[in-house]
Amino acid sequence: MSVARASGSTLRVAVIGGSMAGLNAALLLRDLGHDVDVYERATGELTAYGAGIVAHEVSMRYFIERTATAPGNLTVPVRSYRLLDGSGSLLWEESVDYRFVSWGSLYRVLLGAFGRERYRQGVALANFDQGARGVVLRFAGGGERCCDLLVLADGVQSTGRQQLFPAVEPGYSGYVAWRGTVAERDLPERIRDRIDDTIVYALIPNSHVLVYPIPGADGRVDRGHRLWNFVWYRNVAPGAAFDELMTDVDGALHPVSLRPGRIQDRHVREMRDFACANLPEEITAVVCTAEQPFIQAIVDVDCPAMAVGRACIIGDAAFAARPHTAAGTAKAAENAWTLAAAIAAGGDDLIGALQKWSAHQTELGKNLTERSRHHGDGSQFRCDWTPGDPAHRFGLYAPGDASDWTRGPRK
């Protein structure tokens, strides 16, 4: 169902953050007839270094309803889920209906739809003040902007969240995700044949890893031109061990992520050596062939609400759910779609509309972060994963709701 055009007056909207959450919100609010600017602190094109994500239905909704882009041209389907132990023995296998997409492909199409004229890069929020008649934004490089609605979509390290909820900070989970991609053609043929059309997990004590196909760097989704993406969750104690791992080749500490080419060689060697000794061959082939791995610290963010006055907060800025539910991008899109619907339905009562929206989406955020936290801790610390447990299926509102929406109604 499409979001109806706004029945109230035109709003001046400032969106802080130009990634998935921000672009979805900006597009949908502009489509309602509002006056929208996006402010992104990064100066260059955003990138997730080729990383892949599940193409949940709501993540693709803007493409389906508002663009001429065929979602099937952006995504790679998989039809089998396979869980192995460290030796390669099969623990569980079942049919699935998932599609995977590269983060960069989604971002580029959304940015192309919004355009660059009012997508303002290199502009970082410093602080803001709210009043009865609007919000005054102040930027780190100088300058001010007045708006009627402030949408904070500035990610895990949100500047806006620090002002709305000073006590809410990212909480480190106790483990990190090693990630990377490898061209399908660079994998041995026997490995390609073994993992084709499949998402493959390996479960070992206090760790798990998964590999799956995503579109190639040029966007191609046909066999032989795709990438294989790996995500490996490894425990790293907070404090000295974490700081040592997240210190780059030039000695700078990165608290959230360490991009390709910046990880110290000794840590990459240790990771690959451990893979060869402890992971199945098909997993090891992907992990060890990826030339430029990167690291993301797994953190939790839980806000008590998602709207205060004329300011709302969405995406990872509000709730950072661990990746195990494969719903982070879907949550960002759902926040945006429901926000636009609430504003359209609220007419001139903007603050009332935001409060109603916040109650619903805060509940979603809390449920998702709790589910993903329980899922991750079960693998990494409790070691109580049960092969075949339906609670482990991908989903936003519930496990399993990320099934392939291109194949008709779910049963």
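Leaving aside residues up to four places away in sequence, alanine 320 touches Val156, Val299, Asp300, Val301 and Thr369, where a contact means heavy atoms within 4.5 Å. The model you are looking at is predicted, so local features need pLDDT of at least 70 and side-chain atom pairs count only at pLDDT 80 or more, while totals for chains, interfaces and linings use all residues. Residues are numbered from 1 along each chain as its sequence is written, and side-chain values use heavy atoms, with hydrogens and water left out.

Let's stay with this residue a moment. Alanine 320 sits in strand β19, residues 319-320; strands (E, at least two residues) and helices (H or I, at least four) are DSSP runs numbered from the N terminus. Because its relative accessibility is 4%, alanine 320 counts as buried (under 20% relative accessible area, with exposed over 50% and partly exposed in between, using a 1.4 Å probe and protein chains only). Proline 166 is 154 residues away from alanine 320 in sequence, with 16 Å between their C-alpha atoms.

Now step back to the whole protein. Its secondary structure comes to 10 helices and 19 strands. The radius of gyration is 21 Å, close to the 22 Å of the globule rule for 411 residues, so the protein is as compact as a globular protein of that length; the radius is taken over C-alpha atoms, and the rule is 2.2 Å times the number of residues to the power 0.38. Along the principal axes, the C-alpha trace spans about 65 × 50 × 40 Å.

Of the 411 residues, 55% count as buried. Among contacts between residues at least 6 apart in sequence, 71% join residues at least 24 apart.
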